[in-house]
Amino acid sequence: MLLSMTGFGAAICADGETSVAVEIKTVNNRYFKLSLRMSEGFAALESRVESLIRESIDRGTVNITLRIRQKRKAEYRIATTVLQSYFEQLVDLGGKLGHLGEIHAPALDKLLTLPGVIETEADQSDGELETVWNIVKRTMEDALKNLQAMRKAEGDSMATDLAANTEQLRTLLGGVEILAPNVAEQYRKRLEERVGKILMEHGATLNPADLVREVAVHADRCDISEETVRFRSHLAQFDEALKSKESCGRKLDFLTQELFRETNTIGSKANDAGITKHVVDMKTVIERIREMVQNVE
């Protein structure tokens, strides 16, 4: 099973005086990254929200918008300690800059908009916070179900496409394996023709044993049997990962890198125009695979 790292899920829940709306958007990322926007006064719930998300999502960038509304009238109060700290810092900064003048009371209007200056009584009630969390959790779980359904649908589509691409790689590799045995023979013919021509110009003859020895060295140097065996092994592991019950994005990413590495080695060792053409086509397919795999969780 594959899960796409791109998805969207939303849910709304109302219970008594509290209503909660959640939107979850995910995009690809090599690691887990959470961005949470939440209504003021409920910062204590952030760690619980992150824990709940991590139970369902292993990696990717997760953007959450969490809106919490309560019908009852909230009781507000000014955090005087925080307000005094802001005020004293501004006075101190003005003195250092040499532009300190009298700060009039209306300036406090702007200070009241700074973070942490206004608190609600609801922030201090653990019992009310626990009640809100129960509603938030239910809403988050519904949004996650919707998100996972979308991610799985896209993942199934990618799995089908990836399987078709790996099958194409097997076909191209088969073409390489057909051409590989002829590489040494073609080299022997070219070498015999070139060296024979040079020796003829000088009235010398070519020692067959020397030719055989040179061809044998070249055949060993351009042998790609190990690379093709490893390539097929990587393809088999890739197929197993596609059928796994868990999404294996990191494993698929690693196997894609190994497939590209073996393809490069085959191209550099074979030194044959026909094989080079197949190698170019193989790299094109692997690049398509790489782009898709980067969006798999």
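How far apart in helix α4 are Glu 167 and Arg 170? The two residues are 3 positions apart in helix α4 (residues 126-201), a separation of about one helical turn. Helices here are DSSP runs (H or I, at least four residues), numbered from the N terminus. The model is predicted, so that local features need pLDDT of at least 70 and side-chain atom pairs count only at pLDDT 80 or more, while totals for chains, interfaces and linings use all residues. Residues are numbered from 1 along each chain as its sequence is written, and side-chain values use heavy atoms, with hydrogens and water left out.

Glu 167 and Arg 170 form a salt bridge, with 3.7 Å between the closest N and O atoms. A salt bridge is taken as a side-chain nitrogen of Lys or Arg within 4 Å of a carboxyl oxygen of Asp or Glu; by this rule there are 15 salt bridges. Glu 167 is partly exposed, at 44% relative accessible area, and Arg 170 is also partly exposed, at 21%.

In helix α1 (residues 46-54), Glu 50 and Arg 54 lie 4 residues apart, about one turn of the helix. Their side chains meet in a salt bridge with an N to O distance of 3.1 Å. Glu 50 is partly exposed at 29% relative accessibility, as is Arg 54 at 44%.

Arg 261 is partly exposed, with a relative accessible area of 47%, whereas Glu 258 is buried, at 12%. Salt bridges with shared partners also join Glu 226, Glu 227, Arg 230, Glu 262 and Lys 269 into one network.

The second largest pocket holds about 200 Å³ of space. A pocket is an open set of points on a 1 Å grid over the protein atoms alone, where a 1.4 Å probe fits, with protein on both sides within 12 Å along at least five of seven lines; lining residues have an atom within 4 Å of a point. Helix α7 (residues 249-270) gives the largest share of this lining, 3 residues. Among the lining residues are Met 5, Tyr 31, Arg 59, Asp 253 and Gln 294. By class, the lining has 3 nonpolar, 4 polar and 4 charged residues (nonpolar: Ala, Val, Leu, Ile, Met, Phe, Trp, Tyr, Cys and Pro; charged: Asp, Glu, Lys and Arg; polar: the others, Gly among them).

How values were computed
Points joined across faces, edges and corners; volume = space filled by probe spheres on them. Buried < 20%, exposed > 50% of the residue type's maximum accessible area, 1.4 Å probe, protein only.
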